[in-house]
Amino acid sequence: MLKVGLVGFGFMGRMNFDQYVRLGEDGYRVALTAICDPQIEKLKLEKSGGNMSTAREIYDLSTYNLYEDLEDMLANEELDAVSLAVPTFLHAAMACSLLKRGYHVFCEKPMARHSLEAWEMAEMARISGKKLMVGHCLRFWPAYEYLKRLVADGEFGSVTEGCFYRGSGAPKGWLVNNELSGGCMLDMHIHDTDMIHYLFGKPDKVSAIGRNVLPGSGYDIVSSHYYYKDGKVINAQADWTLEGDFGFSMGFRVNFEQGNVVFDGSVVKVNPNGQPGFTAQLSPQTGYYRELVYFLDAILHDNLVAACLPESTAQSLEIIEAEIESADREGAWIPLN
């Protein structure tokens, strides 16, 4: 039985919590035993906030060991792995320290505030021999997994064009502090940048334009283009200033030589050229659930986290940094090594 500690009990901490509870109910050999957050006594009585719904509004944590200090939790718990759902600027230092001390680490995206820190995390994972996986949930989201398969096996030929999108209302707290979060580009847009990287490889260069709406938050709206030498046209947009009743939206449209695939956030419609379209049959499980299954299986069976290597997610962060540089230079093309 793997024993896991959860650090951070904000929106994504609760999302992690929900999945660990379900994993236990589904018979996986994992037990979430401890939760740590400096404000845990306050947070356990409050509703979560985020652009998606968690399993419940108020959580009963009476059966878990609660801690306000990470060192206190580590000193009093026998843990195999730790899930980090803390603010972005804390990821690198915490993950490196935990890996060095012999814990497997699941770290929420983005990997770190800066790519240099991300590479330090990847190197510490290599040296320690422990598993480090970053929670880029789209790599495990059924709709995007389906798209990955189509790109890889060439069922409809080569990709000619792709458009990826996500948007929501403005977040709160540390997320709107660019120094801490990296703004919409690093916190939200990185989902699609990472997916583009995962699907097509690292682009040769990028161009982005962005707009700052919320003071001090960095870019809140972004539109990016990714250049590949084979000529496919790939772009992604993100906007976290969509207020009113908008809620949250994500999706993609990808055109192949012999068909196109469209995801509207709920279903994937496949439209082969010259044939009737159809709706793809996908797993009902979310990427949040499936990424943890993958991470825990890698620990239990000593497998490589091949679908989400630390080196790969560090490169996605490098691409984002090039996009930010491009936006700072009003859309200039920035080459990537």
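**Reading Helices, Sheets and Cores**

Mentor: Helix α10 (residues 310–328) lies across β8 (205–211), β9 and β15, and runs at about 60° to β8. The model is a predicted one, in which local features need pLDDT of at least 70 and side-chain atom pairs count only at pLDDT 80 or more, while totals for chains, interfaces and linings use all residues. Residues are numbered from 1 along each chain as its sequence is written, and side-chain values use heavy atoms, leaving out hydrogens and water.

Trainee: Why are β14 and β15 called edge strands?

Mentor: The nine strands form an open sheet of mixed pairing, ordered β14-β13-β12-β11-β7-β10-β9-β8-β15. Both β14 (278–279) and β15 (334–335) pair on one side only.

Trainee: How do you know that the span of helix α8 agrees with its number of residues?

Mentor: The expected span is 1.5 Å times one less than the number of residues. The 18 residues of α8 (residues 183–200) should therefore span 26 Å, and the end C-alpha atoms lie 25 Å apart, which agrees.

Trainee: Where is the kink in α8 centred?

Mentor: The kink, of about 60°, is centred on His189. The bend at a residue is the angle between axes fitted to the seven residues ending there and the seven starting there.

Trainee: Why is α8 said to be largely enclosed?

Mentor: A residue is buried under 20% relative accessible area, exposed over 50% and partly exposed in between (1.4 Å probe, protein chains only). In α8, 17 of the 18 residues are buried, so the rest of the structure largely encloses the helix.

Trainee: What makes a set of residues a nonpolar core?

Mentor: The members are buried Ala, Val, Leu, Ile, Met, Phe, Trp, Tyr and Cys residues joined through side-chain atoms within 4.5 Å. The largest such core has 42 residues, and those with the most contacts inside it include Val7 and Met111. A second, separate core of 36 residues includes Met15 and Phe256.

Terms used. Pairing = 2+ DSSP bridges. Helix = DSSP H or I, 4+ residues; strand = E, 2+ residues; numbered from the N terminus. Contact = heavy atoms within 4.5 Å. Axes fitted to C-alpha atoms, helices over the stretch in contact; angles between N-to-C directions.
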